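Look at the sequence and the structure first, then read on.

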Amino acid sequence: DIKKINFIKPLGQLLLEANLIKDEALEGALAKHWRTGQNLGQTLIDMGLAKEKEINKMLKVQESGKSR
């Protein structure tokens, strides 16, 4: 039997695929996220790169394991 491996896409990848942010915006937010330890979703909101509603929607997608 081959076991199915569940792969959860990172939040940034989901946002990119949904065309909610651009690569450059994600790179800047990830740099701040790594530097500060703040969660990526909150970092994107604080930087004005994404709305809370968009982040919450993508987090639900991420939790369900779907890619959209």
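This is a predicted model: local features need pLDDT of at least 70, side-chain atom pairs count only at pLDDT 80 or more; totals for chains, interfaces and linings use all residues.

## Surface of the chain

The protein chain has 68 residues, of which 28% are buried.

## Overall fold

There are four helices and zero strands in the protein chain. Read from the N terminus, the order of elements is α-α-α-α.

Contacts between residues at least 6 apart in sequence can be sorted by their separation. In the protein chain, 47% of these contacts join residues at least 24 apart.

## Helix α2

Helix α2 covers residues 23-36, which is 14 residues. From first C-alpha to last, α2 reaches 20 Å, close to the 20 Å expected at 1.5 Å a residue. Just after α2 comes Gly 37, with a positive phi of about 80°.

Which residues of α2 are buried? They are Ala 25, Leu 26 and Ala 29. These residues lie on the same side of α2 because they cover an arc of only 95° around the axis. An α-helix has 3.6 residues a turn, so residues three or four places apart point the same way.

The cover over the buried residues of α2 includes α1 (11-17) and α3 (40-46). The face of α2 turned away from the buried side carries exposed residues: Glu 24, Glu 27, Trp 34 and Arg 35.

Note on methods:
Residues are numbered from 1 along each chain as its sequence is written. Side-chain values use heavy atoms; hydrogens and water are left out. Helices (H or I, at least four residues) and strands (E, at least two) are DSSP runs, numbered from the N terminus. Buried means under 20% relative accessible area, exposed over 50%, partly exposed in between (1.4 Å probe, protein chains only). Contact means heavy atoms within 4.5 Å. The expected span of a helix is 1.5 Å times one less than its number of residues. The arc is that of the directions from the helix axis to the C-beta atoms.
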